[in-house]
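Please keep the sequence and the model open side by side while you read this note. It is written as a set of numbered points, and each point can be checked by selecting the residues it names.

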Amino acid sequence: AGLLLAGGTCVARAEPADEPASLPVYFGCGCFWHVQHEFVELERSLLGRSDMDLTARAGYAGGTRTGNGKVCYHNVRGVADYGRLGHAEAVALRIPPSKLEDFARLYFSLFVTYNLPGGSVLERNDPQDQGPEYRSLLGLPGGVRSPLYPAVEAAAKGKMKLVEGKGDEPDTLLRRTVYVMDSDDFPFYPAEVYHQFHNDFQGPPYGKAYNQIRTRMAEAGTLKPTGCPEGPLF
């Protein structure tokens, strides 16, 4: 039997992790807090990962610049601000290549339908967050030229227009567009520790057990400081 996800998406239940999790990918769709939680849940259910084995990390991608090698959240010191550097919020993880379609299917299920005066539109679930920092994008090695890219197209099912990303793109709001990035050219930069396993403001808290994964990973050394200010007011 399969596992039913948001939007009626069905994936197979967890199988033995025989295939190496050799594929680095990232997905962006508005605020990264709820996106990370969704992918954590799929890591658990589909790959059977325990809390300390989870690879989903909130962060930034899609820009062409860094601040001396750093990309940071908005902060009063103006250090390597991700918005000014052209990046968007995203969530990265490592998965078995054969599971790319499952994870991409979850990603496309995160877009919701809004009924507007001019008709319905499929869009991210937090349209109040506007600007290039919240644009929709996904990244994998090779981008649209990857031999695995057909799995992304199959998961999209024509719901969204897939466009090759060139970096520093504008917001995708109301454009039904997802930029596909070559992650070799547009790498992912992990966000600050305080952003990891964070509650989303759109719904109820995810629970202390979820939030405390951040502390446990930091203590174990698997979640490391980025060199960015650890808070917007620092």
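Predicted model: local features only at pLDDT ≥ 70, side-chain atom pairs only at ≥ 80, totals over all residues.

1. The mean pLDDT of the protein chain is 92, and 92% of its residues reach 70 or more. Over residues 1–7, however, the pLDDT is below 50, although the model gives this stretch 16 contacts beyond near neighbours in sequence. The pLDDT also stays under 50 over residues 12–17, where the model has 13 contacts beyond four places in sequence.

2. Strand β4, which covers residues 57–61, is mostly covered, with 5 of its 5 residues buried. Arg57, Gly59 and Ala61 point one way from β4, while Ala58 and Tyr60 point the other way, and the residues on both sides are buried.

3. The partners of β4 deserve a look of their own. With strand β5 (residues 88–95), β4 pairs in the antiparallel sense over 5 bridges, and within this pairing Arg57 stands opposite Ala92. Strand β11 (residues 189–190) also runs antiparallel to β4 and is joined to it by 2 bridges, with Pro190 of β11 as the bridge partner of Gly59.

4. Turning to the rings, a search of the whole structure finds 12 aromatic pairs. One of them is formed by Phe27 and Tyr107, a tilted pair with 5.2 Å centre to centre and 40° between the planes. Because Phe27 lies in strand β3 (residues 23–28) and Tyr107 in helix α2 (residues 100–109), the pair ties together parts that are 80 residues apart in sequence. Phe27 counts as buried at 2% relative accessibility, and Tyr107 is buried too, with a relative accessible area of 0%.

5. Tyr73 and Tyr82 form an aromatic pair that is stacked, with 5.7 Å centre to centre and 15° between the planes. Tyr82 has a relative accessible area of 0% and is buried.

6. How many disulfides does a search of the whole structure find? The search finds 1, and this disulfide is formed by Cys72 and Cys228, whose sulfur atoms are 2.0 Å apart. The link of Cys72 and Cys228 is left-handed, with -75° about the S-S bond. It links distant parts of the chain, since Cys72 is in the loop between β4 and β5 and Cys228 is in the segment after α4 (208–220), 156 residues apart. Cys72 is buried, with a relative accessible area of 0%, and Cys228, at 9% relative accessibility, counts as buried as well.

7. Cys29, for its part, is in no disulfide. Cys29 is buried with a relative accessible area of 1%, and Cys31 counts as buried because its relative accessibility is 10%, where buried means under 20%.

Methods
Residues numbered from 1 in each chain as written. Heavy atoms only, no water. pLDDT = per-residue confidence, 0-100. Contact = heavy atoms within 4.5 Å. Buried < 20%, exposed > 50% of the residue type's maximum accessible area, 1.4 Å probe, protein only. Helix = DSSP H or I, 4+ residues; strand = E, 2+ residues; numbered from the N terminus. Pairing = 2+ DSSP bridges. Phe/Tyr/Trp six-rings, centres within 6.5 Å; stacked < 30°, edge-to-face > 60°. Disulfide = S-S within 2.5 Å.
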